[in-house]
Amino acid sequence: MKKQFLARLGAALLCAVVLCSSLSLVACNRASDKKTLKLGLGVDVAVKATDATADKNGQGQATVTVAAVLVDEAGKIVEAFIDCADSTVEYTSGGKAVVKESFATKYEQGDAYGMVAYGGAKQEWYKQADAFCSLIVGKTAAEVKALVGAEQKGTQDVIDAGCTIVVADFARAVEKAVANATASEATEKDTVRLGVSTAQTAKDATEDTAGQNKIETVLFAAAVDAEGKVTAAATDSVEVAFTFDAAGKSTFDATKPVATKREQGDAYGMVAYGGAKQEWYKQADVFSASCVGKIPSEITVLAGSSDLQTAGCTIAVDGFVKAAAKIGK
């Protein structure tokens, strides 16, 4: 009788161990189901400049195409967002810089951009950009690059998707975004968003010194959860200084490629020439990390934050804050 009892007890204990092990394995598998994604930010820059004449102001134009992507472990795009800051500044034949009141991206302009009303397009720019983003979901950077066809427009697949505009700049920005993607806490339930803020600094020319009309475009990419909190963030900035003489003739070299501040890396020179403890891109990373877990309104208070400076970001972050504020709209 005692042997039977012990046998039954042993069997019961064995079942309990097996059950606990099974439950632990299921729990482990469920925990691993929550796969995190990489967030990437990529920028493509094109510039051109013209001389001023007696009848027409000279112009400097910086076309900053930016892509934000969420990428899985296989390098495939889970979600993407594309925008373009096509910013133009002017200067007169008398060497005076013209100050512009505000700048808006193509996406921000919406229907007012005028491709349908004035260009005969079937869809406005932002809708075509969205169509391209939808098409590239599930694709690698190489597969996105292959979508560029004749005259830098898309292949037939792109056209059929509703995107008939030039997409070569889209593909270049996406390729960089995928290459720049880093590990994060973002998941497939999150939404990728992009904020862009452009500011201008102007100075008239004199007989002895060149005038300058400078554009700085600050970029903030983020993954946002259902509560509006940032789960991942990335920042960059493009600074283009268009120069001209007292007669309004451009002295800007538009043939030279423009690299973002992040792309310049240590060569940006904040440490070597500005006495900073950390280079620009490292300080920008501190700002991005400080945004995780916050909603846009909480990010705005980071400007002038002593905690941010203690963490290693001592640069001015007003542009970042303005860009980040836009992801909540």
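**Entry 1. K35 and E73**

I began with K35, which forms a salt bridge with E73; their closest N and O atoms are 4.0 Å apart. I note here that the model is predicted. The two residues are 38 apart in the chain: K35 sits in the loop between α1 (2–32) and β1, and E73 in the loop between β2 (58–71) and β3 (77–91). I then looked up accessibility. K35 is exposed at 52% relative accessible area, and E73 is exposed at 72%.

**Entry 2. R172 and D44**

I looked next at R172, whose salt bridge partner is D44, with the closest N and O atoms 2.9 Å apart. R172 belongs to helix α7 (residues 168–180) and D44 to strand β1, so this pair ties together parts that are 128 residues apart in sequence. Is D44 buried or exposed? I found D44 buried, with a relative accessible area of 10%. R172 is partly exposed at 36%.

**Entry 3. E263 and K176**

I found a salt bridge between the side chains of E263 and K176, at 3.1 Å from N to O. E263 is in helix α8 (residues 261–264) and K176 in helix α7, and the pair links distant parts of the chain, 87 residues apart. Both ends come out partly exposed: E263 has 39% relative accessibility, and K176 has a relative accessible area of 31%.

**Entry 4. Salt bridge count**

I listed nine salt bridges in the structure. I also noted a network of salt bridges that links K214, E216, E239 and K261.

**Entry 5. Largest pocket**

I turned to the largest pocket, which has a volume of about 330 Å³. Its lining has 20 residues, and those nearest the centre are L39, T182, A233, A234 and D285. The elements giving two or more residues to this lining are β1 (38–49), β5 (182–183), β8 (230–244) and α10 (280–291). Which element gives the most to the lining of the largest pocket? I found that β8 does, with six residues. By class, I recorded nine nonpolar, eight polar and three charged residues in the lining of the largest pocket.

**Entry 6. Second largest pocket**

I put the volume of the second largest pocket at about 260 Å³. This pocket is lined by 15 residues, with E216, V218, A316, D318 and G319 nearest its centre. E216 is also part of the salt bridge network. I found at least two lining residues from each of β6 (191–203), β7 (211–224) and α13 (318–325). The most comes from α13, with four residues. The lining of the second largest pocket divides into seven nonpolar, four polar and four charged residues.

Technical notes: Residues are numbered from 1 along each chain as its sequence is written. This is a predicted model: local features need pLDDT of at least 70, side-chain atom pairs count only at pLDDT 80 or more; totals for chains, interfaces and linings use all residues. Side-chain values use heavy atoms; hydrogens and water are left out. On a 1 Å grid over the protein atoms alone, a cavity is a set of points where a 1.4 Å probe fits but cannot get out, and a pocket is an open set with protein on both sides within 12 Å along at least five of seven lines; lining residues have an atom within 4 Å of a point. Grid points are joined across faces, edges and corners, and a volume is the space filled by probe spheres set on the points. Ala, Val, Leu, Ile, Met, Phe, Trp, Tyr, Cys and Pro count as nonpolar, Asp, Glu, Lys and Arg as charged, and the others, Gly among them, as polar. Buried means under 20% relative accessible area, exposed over 50%, partly exposed in between (1.4 Å probe, protein chains only).
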